[in-house]
Amino acid sequence: MEANASSPIELDAVDRQLVDGVLAKQRRALAKTITLVESTRVDHLRRAQKVIGALLPHTGNAIRVGISGVPGAGKSTFIEALGNYLIDQGHHLAVLAVDPSSSVSGGSILGDKTRMESLCQRIEAFIRPSPTAGSLGGVAAKTREAMLACEAAGYDVILVETVGVGQSETTVAGMVDIFTLVQLPNAGDDLQAIKKGIVEIADLVAINKSDIDPKAAAVARAQWKQALHMLRPASPNWRPPVINISAFKKEGIAEFWNEIELYRKVTTGSGEFEAKRKKQALDWMWSLIETGLHTLFKNHPQVHTALPRLTQQVATGQTTPNAAAQCLLAYLETGAVADVA
Ligand code: GDP
């Protein structure tokens, strides 16, 4: 029978309990589901797919906000201030993280219990550290599924935090509705972001620590506005705003959130909000296919056997990279024993 991705999902009793628990907004069930999603065991991966599949019809109702900035920019101070503000407004908030450094250091940007101390104590907030194992792509896939589980559990605001290093900003921008940058009010920092091409993906820039030197903060804001002005906006309906905030003094928090709400309103009206989510879902599917193909390729017995020899031949110039690649790929296609030699 042909595989049908949309056929009803059969769950065993344990997983049914998890799904029911998440839908009943039980934090313990949500935490367990995310642990399942983060597991690298093959049987867990299969179960996780079923559980997420069963939760899928209950997802999509949150606003997904990415928050990025260099270490020390004030992200956690800001998330704590914003989180408390949102809860006071009646929201339920989940905070997740994509931290490419955590797999190297074994630490995690949300792992430190002293961060977001007051937010941690609020029942309306669910805070989850970044998974500590795997590549950026692997960590991101798990965060994405954790996000869906949080939505199914009724959290209506999802904040995805990431540190401003490497590819993590682009990865997070690819899973959220609106991507925001927390910046420090100094020009060096601005230039670095501009150079790295981060500006292009920012939907909103918040200059933090504006309390320290309001004049410098105003200059930074003007510089950012100018830099953003020079770019062609990603949406014809949205020019990324630049605001001054102080996470420490809890200033600019409401303004930040008003911009998020405005963004949602404007892009929903233009159809861009839904279109972006659809594109993200398709991009995600393709990235999973690519990862899967890569694994299939590496694990293919004939590829496994031929790879050392062909690697050697390419390295010594006996074979061209093209010929070697074609030969290896042919194993996948036909299982044939094609060879370049
Ligand atoms: P993160 O690494 O980006 O999460 O940064 P943190 O939130 O841990 O903040 C780094 C340091 O900056 C801490 O000592 C904070 O107290 C301080 N900080 C954060 N926001 C502000 C702010 O708006 N004004 C001032 N003066 N200090 C801040």
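Visitor: Which exposed residues does the face of helix 3 turned away from its buried side carry?

Guide: This is a predicted model. On that face, helix 3 carries V42 and R46. Exposed means over 50% relative accessible area, and both residues are classed as exposed.

Visitor: What makes the other residues of helix 3 count as buried, and which are they?

Guide: The cut-off for buried is under 20% relative accessible area. H44, A48, V51, I52, A54 and L55 are buried in helix 3.

Visitor: Why are the buried residues of helix 3 said to line one face?

Guide: Viewed down the helix axis, they fall within an arc of 155°, so they line one face of helix 3. Their packing partners are helix 1 (13-23), helix 2 (27-38) and helix 7.

Visitor: How do you know what span to expect of helix 3?

Guide: The expected span is 1.5 Å times one less than the number of residues. Helix 3 (residues 42-55) has 14 residues, and its reach of 20 Å from first C-alpha to last is close to the 20 Å expected.

Visitor: Which residues of the largest nonpolar core touch the most other members?

Guide: C150 and I158 do, in a core of 48 residues. Helix 7 (residues 136-152) gives the most to this core, with 9 residues. At least three residues come from each of domain 1 (1-57) and domain 2 (59-270).

Visitor: What does C150 touch, leaving out residues up to four places away in sequence?

Guide: Contact here means heavy atoms within 4.5 Å. C150 touches L30, I34, A94, L96, F126, Y155 and I158. A second, separate core has 32 residues, including F78, L119, L184 and Y263.

Definitions and conventions:
Residues numbered from 1 in each chain as written. Predicted model: local features only at pLDDT ≥ 70, side-chain atom pairs only at ≥ 80, totals over all residues. Heavy atoms only, no water. Core = buried A, V, L, I, M, F, W, Y, C linked by side-chain atoms within 4.5 Å. Buried < 20%, exposed > 50% of the residue type's maximum accessible area, 1.4 Å probe, protein only. Helix = DSSP H or I, 4+ residues; strand = E, 2+ residues; numbered from the N terminus. Domains from an automatic or database assignment. Arc of directions from axis to C-beta.
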